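Hi,

Here is the structure I promised to pass on to you. My notes follow below it, and I hope they are handy when you open the file.

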Amino acid sequence: MNDEKIPRTMGQQFGRRSWAEPWKIKMVEPIKMTSREERERAMGEAGYNTFLLKSEDVYIDLLTDSGTSAMSDRQWAGLMLGDEAYAGSRNFYHLEANIRKYYGYKYVVPTHQGRGAEHLISRALIQPGDVIPGNMYFTTTRAHQELQGGTFVDVIIDEAHDPQNEHPFKGNIDLGKLQAVIDRWGADKVRYVSLAGTVNMAGGQPVSMENAAAVRALCDKYGIAVYLDATRMAENAFFIQEREPGYADKSIAAILKEFCSYTDGAWMSAKKDSLVNIGGWLAVNREDVYDVAANWVVVFEGLHTYGGMSGRDMEALAIGIEEQVQDDHMRARIGQVRYLGELLEDWGVPIVRPIGGHAIFLDARRFYPHMPQDEFPAQTLAAELYLDSGIRAMERGIVSAGRNPQTGDHNRPKLELVRLTIPRRVYTQAHMDVTAEAVKAVYDAREGARGLKMVYEPKYLRFFQARFERLA
Ligand SMILES: Cc1ncc(COP(=O)(O)O)c(C=O)c1O
């Protein structure tokens, strides 16, 4: 696609600073403002875990961008075209055709959401004792790899662990680290590399095309496969377009497909990039891998032509895939995230740099340098933000990192972050202003903050359900 064909915003056409959403609002959902007293009560009942708050007690919900996007009128119309046949729904074939068209993979297995696909690919590929190198762990991805008896090894570049490092592609894999994993365990123990587009836990940081090609070339030498977490790969394509030489005039759609061509398949949480409230898929190029996954899907999710989604969900997803790659959509999506981030930076609030794709990540270590990591600084910060203004964010630090399955000790990540995740097409610029003012107020009050102690800890993915109390 050449330059002229990529839609330009008015700001771009005339060299002005503004950007704007390529849509207007047709339906609204009221949100509730609460008093400080109500928020104190709600936070106490939720055990200082924002996942345990009731949504009606939240004013601006930045917990996650997962399943929280607003669908377009085309997607809502698509719901009415749901073919709810148990087998062979026409919406499945539409979805399959669009995954083939936009991602380029041959075989498609629908799942109810991303972790359903992670389960299937982990079951299909991992043998007990295997090692899975990847560009920083993701909670559910690693949980499924470990449940199959695998061990995840982080091979992301060192810059990713430094919240102030300005590397343009902090999601890249360090080829030296990957080579060292292969040398240490042997290629037969490394069945695949787990590569994620815009690395969530690093702050939404992208992977370059050059790095994907280099990982592919290294893996080809050893017969190792490369599987992609494509959850926010369209956002990753935006950063390649913006930052990588040779891609400025290529469309998001073309970049997405080229990137996927370096991989053997992908799992997807469609609840992010693809602008739907539920859904996921696994797509692969190898028929034997597909056969295993398509067999397990009927045990865990549903028949291989719906995999836990209704026909109407698959239709909305098929349409969402077309909308997610539109260049003007992506500019506005990332433009909004940047608007919030730049405001916070102007006010001196410490955030992860460079600003990533789906969220602003507050650096809780720099908010609360007096608080040891075992007192959960990021969990504390997320609670304080809610108490200030009813804004719900999420911890991405020691709580999310869980425990080492061998030693039982906390994993202690270098990054101790709070994620302000921006749902797509949902909030206005004024909501971003309210959020920035609330974060600034919590930052100004940082010296008096006291940490938390964990009083309930579930065995798996503890951040979802753990409970805390304030330290005296
Ligand atoms: C990078 C990444 N991979 C996988 C998943 C899992 O997807 P889901 O929440 O749809 O199960 C998520 C979502 O939280 C994610 O952000």
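Is Val-299 buried or exposed? Val-299 has a relative accessible area of 54%, and because the cut-off for exposed is over 50%, Val-299 counts as exposed. Please keep in mind that this is a predicted model.

Val-299 sits in helix α11, which covers residues 287-300. Val-299 also belongs to a nonpolar patch on the surface, together with Val-292, Trp-296, Val-298 and Phe-300. The accessible area of this patch comes to about 400 Å².

Next, the largest pocket. The space in it amounts to about 1,400 Å³. Its lining is made up of 37 residues, and those closest to the pocket centre are Met-27, Ala-70, Met-71, Arg-425 and Val-426. Two or more lining residues come from each of the elements α3 (73-79) and α13 (327-346). With three residues, α3 provides the largest share of that lining.

I also looked at Glu-258, which is part of helix α10 (residues 252-260). Glu-258 counts as partly exposed because its relative accessibility is 23%. Leaving aside residues up to four places away in sequence, Glu-258 touches Met-209, Tyr-247 and Lys-250. From Ala-213, Glu-258 is 45 residues away in sequence, while their C-alpha atoms are 9.8 Å apart in space.

Happy to talk it through whenever you like.

Best wishes

Methods:
Residues numbered from 1 in each chain as written. Predicted model: local features only at pLDDT ≥ 70, side-chain atom pairs only at ≥ 80, totals over all residues. Heavy atoms only, no water. Helix = DSSP H or I, 4+ residues; strand = E, 2+ residues; numbered from the N terminus. Buried < 20%, exposed > 50% of the residue type's maximum accessible area, 1.4 Å probe, protein only. Contact = heavy atoms within 4.5 Å. Patch = residues over 30% accessible without salt bridge, like charges linked within 9 Å, V, L, I, M, F, W, Y side chains within 5 Å. Areas by Shrake-Rupley, 256 points an atom, 1.4 Å probe, with all protein chains shown as cover. Salt bridge = Lys/Arg side-chain N within 4 Å of Asp/Glu carboxyl O. 1 Å grid on protein atoms, 1.4 Å probe; cavity = no way out; pocket = protein on both sides within 12 Å on 5 of 7 lines; lining within 4 Å. Points joined across faces, edges and corners; volume = space filled by probe spheres on them.
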